[in-house]
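I opened a new notebook page for this one. Below is what I wanted to look up, with the picture first.

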Amino acid sequence: MITKILIANRGEIACRIIKTCKRLDIQTVAIFSEADRTSLHASQADESFLVGGSRVSESYLNQLKIIEIAKQCKAGAIHPGYGLLAENATFAKLVRDAGIIFIGPSEEAIEKMGDKIQARKMMENAGLSVIPGMNLINLEEKMVKVAADKVGYPLMVKAAAGGGGIGMQKVEREDDIMKAVSSVVKRAERFFADSTIYLEKYIENPRHIEAQIAGDIFGEIVALGSRDCSIQRRHQKIMEEAPPPNFSEQANRRLLAEATKAGSTLNYSNVGTIEFLVDEHENSYFLEMNTRLQVEHPVTEETLGIDLVEWQIRLAESNRIENLKYNEKKATHAMEVRIYAEDPKTFFPSPGTIKTWSFPEMDGIRYDFGVEAGTIVTPYYDPMIGKVIAYAASRNKCIELLTRCLKESVVSGIKTNVPMILDVLEDERFKIGKVTTHFVNE
């Protein structure tokens, strides 16, 4: 049994993990950077340790220092959260080699799915539909243009090690292909230390729908429902909901079956997500797999009556899926909005000190926050500072709850994307569930 967990993350997700651990009577250890000395996650944990300087490379990405702290405080497990080291196969191996439980899948699964080219090929061989594309081994202009012509315009240039919407660019015509390739290569090197890229056919008017899966070490894989994540800005999600609106039961069953097949192909253990692009005819195409907890996991939790963080912990303890706990189901629909510290029009980050952070107590509303009044939002980290989740008997009720909640909230000292979220919630196309990944741009 795991009795103490070091959380190798920060902010909202660290606070979220601490919440479950407190309920399970598991001790928690937080790490914090110089910039996060007064952070909420550091104060909520049972123990907290300085891990390094303000920049992530000096702190939250310092793998050896994190493991050293875990040993020092006798933590039996490390939970990576999402982002940062969550999908780093080297870190997972280092943790296990140190005799500490890594709360996540095997390093082999992380490595296979971390390379988007390898992941595409593996899933295609398993029988999943994959968006047509080509690897770019030779970046000479002539070879790139030949490959692009074979894929066909419009297309996407993508980083093989990409994720979180980083390292991808749409190209409409041949004249722009080399500029896009150069841009994506630079971003891939900067963010992932891997310049490998590939081309992928662009799907017109797609929806982004994903399936939550879980697997145990005994080979059982289950699909825990689907989520619509089509409301995005700069290829990063802003809003998610479960179940997906206007998505036929037949198409949903087919998507969940493909997700289960993907997990079985990997012999996957722990919690993960299979992401798909779905076209106008409800054909689903494998996009990628996230070998970790998702930011949007609360909408699955509220509609199924489960705690996915608890499931992660229990699966890491080698429990069988059939023995994992379901709670009383709260709702038939759930919707999540991400609160970013950013300008609602330009989407530029808005660092500063939060002077007021006030959200109303409401039935049917859940808050997963990583900040409070007085928190300093620095420019060093992702600007997402919290999430608001509504759960109810209907989608319309969720929209109503979220709208009322956000209109009654007061945040000062920094800018947030709340005005932009309200614009989405009050848009007629969104209300009837007729949106694609282009909705925000349109």
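My entries follow, one topic at a time.

**Ground rules**

I am working with a predicted model, where local features need pLDDT of at least 70, side-chain atom pairs count only at pLDDT 80 or more, and totals for chains, interfaces and linings use all residues. Residues are numbered from 1 along each chain as its sequence is written, and side-chain values use heavy atoms, with hydrogens and water left out.

For the names, I take helices (H or I, at least four residues) and strands (E, at least two) as DSSP runs, numbered from the N terminus.

**Entry: α3 and α4**

I looked up how α3 (residues 63–72) and α4 (residues 89–97) sit together. Their axes come within 10 Å and cross at roughly 30°. An axis here is a line fitted to C-alpha atoms, for helices over the stretch in contact, and the angle runs from 0 to 180 degrees between N-to-C directions. So α3 and α4 count as roughly parallel. The cut-offs I noted are under 35 degrees for roughly parallel, over 145 for roughly antiparallel, 65 to 115 for roughly perpendicular, and oblique for the rest.

The crossing of α3 and α4 is right-handed.

Which residues of α3 and α4 make the contact? From α3 I listed Q63, L64, I66 and I67, and from α4 T90, F91, L94 and V95. Contact means heavy atoms within 4.5 Å. By class, this α3 and α4 contact has six nonpolar, two polar and no charged residues. For the classes, Ala, Val, Leu, Ile, Met, Phe, Trp, Tyr, Cys and Pro count as nonpolar, Asp, Glu, Lys and Arg as charged, and the others, Gly among them, as polar.

A reminder to myself: an α-helix has 3.6 residues a turn, so residues three or four places apart point the same way.

**Entry: α12 and α13**

Next I checked α12 (residues 395–408) and α13 (residues 418–425), whose axes come within 10 Å and cross at roughly 150°. That makes α12 roughly antiparallel to α13. The crossing of α12 and α13 is left-handed.

On the α12 side I found I399, L402, T403, L406 and K407, which meet V418, I421, L422 and L425 of α13. Sorted by class, the α12 and α13 contact has seven nonpolar, one polar and one charged residues.

**Entry: α11**

Is α11 (residues 308–316) largely enclosed or largely open? Nine of its nine residues are buried, so α11 is largely enclosed by the rest of the structure. Buried means under 20% relative accessible area, exposed over 50%, and partly exposed in between (1.4 Å probe, protein chains only). W311 is one of the buried residues of α11, and E310 and R314 are on that list too.

I also looked at the ends of α11. D307 caps the N-terminal end, with a side-chain oxygen 3.0 Å from the backbone nitrogen of V309. After α11 comes S318, whose phi is positive, near 70°.

**Entry: T375**

I found T375 in the loop between β18 (365–369) and β19 (376–377). Its relative accessible area is 10%, so T375 is buried. A polar atom of the T375 side chain lies 3.0 Å from the backbone oxygen of E372. Leaving out residues up to four places away in sequence, T375 touches G352, T353 and I354.

E141 belongs to helix α7 (residues 141–151). With 44% relative accessibility, E141 counts as partly exposed. Its side chain makes a polar contact of 2.8 Å with the side chain of K145. A polar contact is a pair of N or O atoms within 3.5 Å; within protein, one must be able to donate a hydrogen and the other to accept it, and residues adjacent in sequence count only if both atoms are side-chain atoms.

I also jumped from E141 to N267: they are 126 residues apart along the chain, and their C-alpha atoms are separated by 40 Å. N267 lies in the loop between α9 and β13 (270–278). At 58% relative accessibility, N267 counts as exposed.

**Entry: cis peptide bonds**

Y153 and P154 are joined by a cis peptide bond, with omega about -5°. I placed P154 in the loop between α7 and β7 (155–163).

Note on methods: Left-handed = near helix turned anticlockwise from the far one by under 90°.
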